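Please look through the structure below with the briefing beside you, and follow the topics in turn.

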Amino acid sequence: GIIKHLIEWIKEAYSEAEIDARCRRLPPNHNIRLFMKGISSLSRVSGTEHNQICRFLLGIIIDIRLPGNLDSARLIRAVRAILDFLYLAQYPCHTDQTLNLLDDALTRFHNNKGIFVDLGIRANFNLPKLHFFRHYVHMIKLYGTTDNYNTEYTERLHIDLAKDAYRATNHKDEYPQMTLWLERREKMLWHDKFVQWRLAGDPPVQDRLPPDMDYRRALKMTKHPTAKRVPLDRIICDYGATFFTEALARYVVRTNQPTLSAVQLEREAAHIVLPFQTVATFHRVKFHTINASGYRDPTATIDSVHCQPPRKDNKGHIIPGRFDTVLVNEGDGGTTGVNGYRVAQVRVVFTLTSHAAAALFRTPAKAPTHFAYVEWFTPFGQPEANHGLYKISRVIRNGERLASIIDISDIRRSVHLIPKFGPVVPREWTSSTVLDLCSSFFVNSFSDRHAYLTII
């Protein structure tokens, strides 16, 4: 819809080469598609691709200069307003407050859209799709949330009910064959559901719950580690966990004696001797959704965190390492908002053997099953005025990154960081190195709906 026009306006306002260069240098994330060839040369862009571009569009244009040194504040506010409107319109349930936010987002766009006229990109805004935005609140009040009349659902069924059915025919007199194929598929589906119901012990049919805002997530670890015995020197060199032993010693002392002061903790940690030389590491952490009734779907991975060192493929080419950034609950984080949360980069996820846990912790039964070595970013401050994103940077002490060991259960979700590129992106940055080379970042609250709901 309107995103197609918005992308074209941005491409006219800024240098396409600069936009593409920034797309190629975004750090990876589970919810972000990396357009390694940029977005300016895309043709026949689908709705799915527009959705994927929306997830980082605001972040990549923050620092680019406009022609004639025009102030870009209005353009940034206009883009933010359109994205706010689109994300709010996709809510699975609404209140008077969210509908007011929807109206406010549209008002903010109209207050700032004049920048596109000043740049000579638009002479007017007589676009039917933009005009229809005025009716969204009224339509939602009349007919419910927009997912009740979204064409994406019927478009997706076109594959299941038409294309797949046609492929199952001999392409001659296909309609009766397609009808019979679909009828048989439906009967097989119902029979399978009945068998599953019987195997589950004939549970009673549950009432259908209204849609919720799906804030809750369940963390899932694999049964077996990715690497069973990784030497500590490899943990430091390959994974980049420079202060692994020191951080683990501090964690052990803090867990055993939580009332110690910082000076006392450092003194006690210096006497900790680790009773092992290898640890088992995990290269991926997965998250599953939990609905309003508490049901967890283990088949759908809605988020994941990668922490994998560099490796070689079958042809001997080096595949860069990937160490994702996450949102960590520091103890008092709530359901929404950033209070009590902090961003960190995960370097290693590991477990200790029962023998090691018994040697280190006073109450081994209460020790976490999985740990993570993380490098911290600065706490959240106030969001920037025009684009509304939080700005953070790495915490450096005595020339080194501040790192800690945390319980893996304190990780709320992955978080996507958009580098502060400056007027011109440094050409030596790449997607795999930008987290190490860049010093300041913006926390991307548009990476997915859950991030938009929580990072506010």
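Asp-173 sits in the loop between helix 10 and helix 11, where helices (H or I, at least four residues) and strands (E, at least two) are DSSP runs, numbered from the N terminus. This is a predicted model, in which local features need pLDDT of at least 70 and side-chain atom pairs count only at pLDDT 80 or more, while totals for chains, interfaces and linings use all residues. Residues are numbered from 1 along each chain as its sequence is written, and side-chain values use heavy atoms, with hydrogens and water left out.

- Phi of Asp-173 is near 50 degrees, which is a positive value in a residue other than glycine.
- Asp-173 counts as exposed because its relative accessibility is 58%, given that buried means under 20% relative accessible area, exposed over 50%, and partly exposed in between (1.4 Å probe, protein chains only).
- His-171 also lies in the loop between helix 10 and helix 11 (174-199), and its phi, near 65 degrees, is likewise a positive value in a residue other than glycine.
- His-171 has 45% relative accessibility, so it counts as partly exposed.

**Salt bridges**

- Side chains of opposite charge can pair when their charged atoms come close.
- The structure holds 25 salt bridges, a salt bridge being a side-chain nitrogen of Lys or Arg within 4 Å of a carboxyl oxygen of Asp or Glu.
- One of them joins Arg-108 to Asp-104, with the closest N and O atoms 3.0 Å apart, and both residues lie in helix 6 (residues 96-112), four residues apart, about one turn of the helix.
- Arg-108 is partly exposed at 26% relative accessibility, and Asp-104 is partly exposed at 36%.
- Another salt bridge is formed by the side chains of Arg-347 and Asp-436 (3.1 Å, N to O).
- Because Arg-347 lies in strand 10 (residues 341-351) and Asp-436 in helix 16 (residues 434-437), this pair ties together parts that are 89 residues apart in sequence.
- Arg-347 is buried, with a relative accessible area of 7%, whereas Asp-436 is partly exposed at 37% relative accessibility.
- Arg-347 and Asp-436 also belong to a network of salt bridges that links them with Glu-375, Arg-394 and Arg-401.
- The side chains of Asp-448 and Arg-413 meet in a salt bridge as well (2.7 Å, N to O).
- This pair links distant parts of the chain, 35 residues apart, with Asp-448 in the loop between strand 18 (440-444) and helix 17 (449-454) and Arg-413 in strand 16 (residues 411-414).
- Asp-448 is buried, with a relative accessible area of 9%, and Arg-413 is buried, with a relative accessible area of 1%.

**A nonpolar patch on the surface**

- Leu-142, Tyr-143 and Tyr-149 form a nonpolar patch on the surface, and together they have about 330 Å² of accessible area.
- Such patches are made of residues with over 30% relative accessible area and no salt bridge, with nonpolar side chains (Val, Leu, Ile, Met, Phe, Trp, Tyr) joined within 5 Å and like charges within 9 Å; accessible areas come from the Shrake-Rupley method with a 1.4 Å probe, and for residues only the protein chains shown count as cover.
- Tyr-149 is found in the loop between helix 9 (136-143) and helix 10 (151-167), and at 36% relative accessibility Tyr-149 counts as partly exposed.
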